[in-house]
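Dear colleague,

Please find the structure below, handed over for your use.

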Amino acid sequence: MTAPSGLIHAKLLDGVGGARDIPWDEVAAWDESQGCLWLHFNYEEGDAQDWLVNASGLNDIASAALITPETRPRA
């Protein structure tokens with residue numbers, strides 16, 4: 001599985017101040033029992049926007065807020 005263009009990095013946070021880079025196949029298989037997932041995208045990339053809207057599992061309000069230029073910065 002290929003990461004969407006615009007992905008800057010994917011990290012799995014350990015809850016005690018550390019993190020490790022994870023490949024996109026681990027992102028796709030991630031569940032919350034593994035820890036907190038941090039995905040950093042260039043929101044201007046079409047693939048990143050498409051993933052946020054259609055595949056991230058975020059609700060419409062959250063995904064729209066993340067890709068709307070007027071709401072920058074947003075976390």
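What percentage of the 75 residues of the protein chain count as buried? The share is 21%, where buried means under 20% relative accessible area with a 1.4 Å probe, protein chains only.

Please note that this is a predicted model, in which local features need pLDDT of at least 70, side-chain atom pairs count only at pLDDT 80 or more, and totals for chains, interfaces and linings use all residues. Residues are numbered from 1 along each chain as its sequence is written, and side-chain values use heavy atoms, with hydrogens and water left out.

The protein chain holds 3 helices and 3 strands, in the order β-β-α-β-α-α from the N terminus; these are DSSP runs (helices H or I, at least four residues; strands E, at least two). Its C-alpha trace spans about 35 × 25 × 20 Å along the principal axes.

The largest nonpolar core comprises 11 residues, among them Trp-24, Phe-41 and Trp-51. Such a core is a set of buried Ala, Val, Leu, Ile, Met, Phe, Trp, Tyr and Cys residues joined through side-chain atoms within 4.5 Å. Two or more residues each come from strand E1 (7–13), helix H1 (24–29), strand E3 (36–41) and helix H2 (46–54), and H2 gives the largest share, 3 residues.

Ile-67 also belongs to this core. Beyond its neighbours within four places in sequence, Ile-67 is in contact (heavy atoms within 4.5 Å) with Tyr-43, Gln-49, Leu-52 and Val-53.

Yours sincerely

Note on methods: Buried < 20%, exposed > 50% of the residue type's maximum accessible area, 1.4 Å probe, protein only.
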